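Let's take a walk through the inside of a protein together.

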Amino acid sequence: MLKELFEFRKTDRKWHLPVLAGVCVGLPVLVGYYTDHLQDGKIASMAALVILYIQSQSIARRMIVLMASSFGIMVSFAVGVLFGFHPVVASVVLGLYAFAVHLVLYYVKMVRPPGNFFFIMIASVAISMPFNLETAPYQIGLAGIGTMISCILGLVYSLVTLRKVRGQDEVIKVSKNQYVNFIESVTFGSFVGFSLLIAYMLELEKAYWVPTSCAAVMQGVSATHVWQRSAQRILGTFLGLVLTWFILLLQPSLLAISISIIVLQIIVEFLVVRNYAIAVVFITILTIFLAETGTALTVDPTAMIQTRFFDILIGSMVGAVGGWVLYNEKLHFLATRQIRATRFSMARRKKEME
């Protein structure tokens, strides 16, 4: 465990992909800063994270996946801003949406990281925003601008980097039948929705931190990996919050924070495939700079840091339990057997009625 905390894994990820991600995420923030609409720029910036789905070695497939993912990001944001009017409704809708995303991505063969995470993160952030139906089209439009920036820059990047590369993608096979995928989707959606409900019950100011942390932890590929990610996330978050607190005590300008978002995004994308625990330190700083308003960052950083650690701790613990359920083979076997028995019983009853 300790060895894996500090071990740097080898990766074939090109150095220029983190730079591209930093530019895509940072550009809307800088535009928002210079036009006195920094919060609007941050919304577009979060949507611009869709650039991380640029994985194929074929330009045509790469752009198809990127544009389809952009549509998914906008749907995620729309679901959030339209159903955040009541805590119970928001929790149920987010759970159902997480279930649907997890179920669909398996069938469209988008199981590689980041997988379902950013769709759920965007929906969680949007659903926790103050509900205002009048501003919903404007906010969805901001998300659309962010995805458009990523698609345009992604196309330019692909034309430059893939002009001498033959479009040959690595085929990833996942041995999982439809029942297992359905059970996993139900489990994933249930715990994400439940984590948001817990956040509302505890009257947390920024409820989206809890389901986002829950979804991040449940991205593991096994029960052991989930618990490991949970421990790494809690430790990395603690260190990241301490660093953030020191940075905010220096009272950096909004311009400095905007530029830091670009640098942090580059660092995160460089580290996340090499060492998740260390990457979480910088992910924490980046997420706070992106998600918090300028007032929260400057008025009382100490109280904000303490609150965020509590939020992320709750989400990580719920995600750890959800990961145990997600990869418990005995529960999978019992659930699969029950689904098959129910399906057989319904088919027999339908035949008798005919």
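This is a predicted model: local features need pLDDT of at least 70, side-chain atom pairs count only at pLDDT 80 or more; totals for chains, interfaces and linings use all residues.

In soluble globular proteins, nonpolar side chains tend to be buried together. Pick out Ile51 and look around it: leaving out residues up to four places away in sequence, Ile51 touches Leu20, Ala21, Cys24, Leu66, Ser150 and Gly154.

Next, turn to helix 9, which spans residues 209-217. Nine of its nine residues are buried, so helix 9 is largely enclosed by the rest of the structure. The buried residues run from Trp209, Val210 and Pro211 through Thr212, Ser213 and Cys214 to Ala215, Ala216 and Val217.

Helix 10 covers residues 223-249, and Thr237 sits within it. Is Thr237 buried or exposed? Thr237 is buried, because its relative accessible area is 1%, under the 20% cut-off for that label. Setting aside neighbours within four places in sequence, Thr237 is in contact with Gln232, Val280, Thr284, Phe309 and Ile312.

A search of the whole structure turns up one cavity of 30 Å³ or more, and the largest cavity holds about 40 Å³. Its lining includes Gly80, Val81, Gly84 and Ala126, along with Met129, Pro130, Phe131, Asn132 and Gln139. Sorted by class, five lining residues are nonpolar, four are polar and none is charged.

Notes:
Residues are numbered from 1 along each chain as its sequence is written. Side-chain values use heavy atoms; hydrogens and water are left out. On a 1 Å grid over the protein atoms alone, a cavity is a set of points where a 1.4 Å probe fits but cannot get out, and a pocket is an open set with protein on both sides within 12 Å along at least five of seven lines; lining residues have an atom within 4 Å of a point. Grid points are joined across faces, edges and corners, and a volume is the space filled by probe spheres set on the points. Ala, Val, Leu, Ile, Met, Phe, Trp, Tyr, Cys and Pro count as nonpolar, Asp, Glu, Lys and Arg as charged, and the others, Gly among them, as polar. Helices (H or I, at least four residues) and strands (E, at least two) are DSSP runs, numbered from the N terminus. Buried means under 20% relative accessible area, exposed over 50%, partly exposed in between (1.4 Å probe, protein chains only). Contact means heavy atoms within 4.5 Å.
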